[in-house]
Amino acid sequence: MNPALDARGLRIAFAGVPVVDGVSLTVSPGECVAIVGESGAGKSLTARALLGLLPGEASVRAERLTVDGVDAGALNEHGWRRLRGSRIALVSQDALVSLDPLQRIGREVAEARRLHGLPAETEQVHALLRRVWMPEPERRARQYSHQLSGGLRQRALIASALSADPAVLVADEPTTALDATVQARILSLLREIADAGTAVLFISHDFAAVRRLADRVLVMRNGVVVEEGLVSEVLESPQHEYTRRLIDATRHSPRGVQEPATDQVLVATGVTKRFGETEAVSEASFVVPQGRTLGIVGESGSGKTTLARIMVGVERPDAGELRWAGAPRVQLVHQNPLGAFDPRWTIDRSLREALAAGGVPRALRSARVADLMREVDLDPALAARRPIALSGGQRQRAAIARALAAEPEVLVLDEPVSALDPSVRERVLQLLVRLQRERRLTMVFVSHDLDVVGAVADEVLVMQDGRIVEQGPTGAVFAAPQHPFTKELLAAGS
């Protein structure tokens, strides 16, 4: 069987500097091949070169590049437009950005069929939505992208990519921002698409996702493939040190049960928060022990972020109460530090502002900025940069430094590592554990990643539809979950 996608000796350069060097891969019909690696490894550039989507300043060469039997090595933009959609299609990471906010989902799904001269009747659109297990396809087809959840948007994007029946589907980080159960459903859907005969190229930094979905895997580092083979062989017996390090960064054992804490920083009783007719948080009761980490897990819409916002005072409960021991300083670390920082300000200015708010005299702020940068394992010289000039991991550590500037007793962290590569995520988690020990911090860690919560949390709350359905020591809850939803979350994340 001839491969649906065949690339040999692919090289990509910017201003003469190679960023992808000699990558070769094939994907056969019915097969899923994964490319894994950290940010900057070249995996997304490789994928976009296979779709003819690189910027004009990029230099692309390949010894061979065929897509569904078509020689794509010398195609111009017009040729690529005829190929994209009909023979090869892309599912990107951010469905909200990729879907047209002004078009209804049904029209979005039908567009590729119209562009390639295929019938695009309502019945065919509904059939495509049913193929991706979209609930109530007739109703969803009439909605706009902002009216769908993250998982439903991703299904709509996959339906749009499949609209013109391409031979090759390139999925670039399609599950990165999704909850464990939603991610499991999308991965199962992609596997079904492959099993039905489509060649699937899956780009990811998530080895757990690769293990569930792919047949073969290529590991990239600095634009070069350092290891490749069957998923079972590479993940169970990695040969390259880089591969071993990436895999190790995704494996954590839940913390063991500790002695009960004698002091409690926070006692919450019957906390309820409504938005219109919806109860985002319903009668939540829990305690936060001093010097420990409380993990809060659940799907999107479960109420975990609303509960975190109530803890830091951004939202006020409609019923119930929060009783703090004393008046501790509570600081929030956001999920998206790029959006949380003022893009016009340097990191130095942002930290100085936080120090000023904390009452640090002006004469001492320069030295304190340098101390804070070093405390979060950043070179103080990086403080002269604006947020956009830092990597994702550097920005997140800078956000932690800003939170520490106010000398908090409690840190509330909302999905602080969800968008980071495994090794970068591991360094940030180790940083948090060290800071907790050195500063005697109490932490509340909100996440949909059970492995991450298991690595840092002493106690865990599991939320579903605004309610706490299970809570207790992390190790005990993970080892013997009692609630069906907790069991589903753990099964989806394994």
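How many residues of domain 1 are in contact with residues of domain 2, and how many of domain 2 with those of domain 1? In this predicted model, the chain is divided into domain 1, spanning residues 5–250, and domain 2, spanning residues 264–493, and the contact between them involves 17 residues of domain 1 and 19 residues of domain 2. The centres of the two domains, taken over C-alpha atoms, are separated by 32 Å.

The size of an interface is often given as the accessible area lost when the parts come together. For domain 1 and domain 2 this buried area is about 1500 Å², with carbon and sulfur atoms giving 45% of the total. On the side of domain 1, Asp179, Thr181 and His205 supply 35% of the area that this domain buries against domain 2, a share that exceeds that of any other three residues.

With regard to specific interactions, the count between the two domains is 1 salt bridge, and a salt bridge joins the side chains of Arg185 and Glu488, with an N to O distance of 3.3 Å. Polar contacts across the interface of domain 1 and domain 2 amount to 2 residue pairs, both at pLDDT 80 or more. Helix H8, which covers residues 180–195, gives the most to the side of domain 1 that touches domain 2, contributing 5 residues. In composition, the residues on this side of domain 1 divide into 7 nonpolar, 6 polar and 4 charged.

How values were computed
Residues numbered from 1 in each chain as written. Predicted model: local features only at pLDDT ≥ 70, side-chain atom pairs only at ≥ 80, totals over all residues. Heavy atoms only, no water. Domains from an automatic or database assignment. Contact = heavy atoms within 4.5 Å. Buried area = accessible area lost by both parts, 1.4 Å probe. Salt bridge = Lys/Arg side-chain N within 4 Å of Asp/Glu carboxyl O. Polar contact = N/O pair within 3.5 Å; in protein donor to acceptor, adjacent residues only side chain to side chain. Helix = DSSP H or I, 4+ residues; strand = E, 2+ residues; numbered from the N terminus. Nonpolar A, V, L, I, M, F, W, Y, C, P; charged D, E, K, R; others polar.
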